[in-house]
Amino acid sequence: MQAMNTLRSERPRGHLLRGWHARLYDIVMWLLAGGNRDRYLLRIVHLAKVGRADAVLDIGCGTGSLVMATKQGARARRVHGIDASPDMVGLARKKARRRRADVTFELASAESLPFEDASFDVVFSTLMLHHQPRSAREQSAREISRVLKPAGRVLVVEFGSSAPRRGWFGRFHRHGHVAAEEVDRYLAAAGLVVVERGPIGVRDIHYTLAVLGQGG
């Protein structure tokens, strides 16, 4: 097993949510999920087939809602969240302290994860890739593959439509989309095998579930 990735100090590439964007993030996600964010989060946990013995990582964790839903809903053994935005990590840590949740948040880039090889059974990437340029998405996929255990699972959740978004959500969200076929390419290039995909059931959001082969 190798030591932590030597690229850890690499500066993250892409759009970071800071300031009022970070403070409004939970409200936006609640509205995006039609007022039932908990159901949306638990569906993601269910799709990833998280179990009690699993070690789980959420990259681009935002304010930590999925991390805490994973710990509470699936009773996962160990749950970490990382985000490249200091504001997001600060809000996530405050939320965890308030709820006395046994989870960990760290400031880090998805392109250079501060974890040893084969550290996690499950990795989440939810509404994160579209904030990155394509080269950073490819590097993030390689990092996910590196930190997954053999037969480990990654669940990628993304906006799938390039159609213009109007109204309040269109004004807040201007960072693009990642089609399912594009997600497949990033994962396949990193040695991951897609086993399931489909709509989440919220707007144009889709999910892709992939596994790391024994030789990955």
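Visitor: Which unit do β1, helix α4 and β2 make?
Guide: This is a predicted model, in which local features need pLDDT of at least 70 and side-chain atom pairs count only at pLDDT 80 or more, while totals for chains, interfaces and linings use all residues. Residues are numbered from 1 along each chain as its sequence is written, and side-chain values use heavy atoms, with hydrogens and water left out. Helices (H or I, at least four residues) and strands (E, at least two) are DSSP runs numbered from the N terminus, and a crossover is right-handed if, with the strands pointing away from the viewer, the path from the first strand over the helix to the second runs clockwise. With α4 spanning residues 65–74, the three elements make a right-handed β-α-β unit.

Visitor: Over how many bridges do β1 and β2 pair?
Guide: Two strands pair if DSSP finds at least two bridges between them. Strand β1, residues 55–59, runs parallel to β2, and Ile 59 has Ile 82 of β2 as its bridge partner. The pairing of β1 with β2 extends over 5 bridges.

Visitor: Which residue in β3 stands opposite Gly 81?
Guide: Strand β3, residues 104–107, is parallel to β2 and joined to it by 4 bridges. β2, helix α5 (residues 86–99) and β3 also make a right-handed β-α-β unit. The residue standing opposite Gly 81 in β3 is Phe 105.

Visitor: How many residues of β2 are buried?
Guide: Buried means under 20% relative accessible area, with a 1.4 Å probe and protein chains only. Of the 216 residues of the chain, 53% count as buried. Strand β2, residues 78–83, is mostly covered, and the number of its 6 residues that are buried is 5.

Terms used: Buried < 20%, exposed > 50% of the residue type's maximum accessible area, 1.4 Å probe, protein only.
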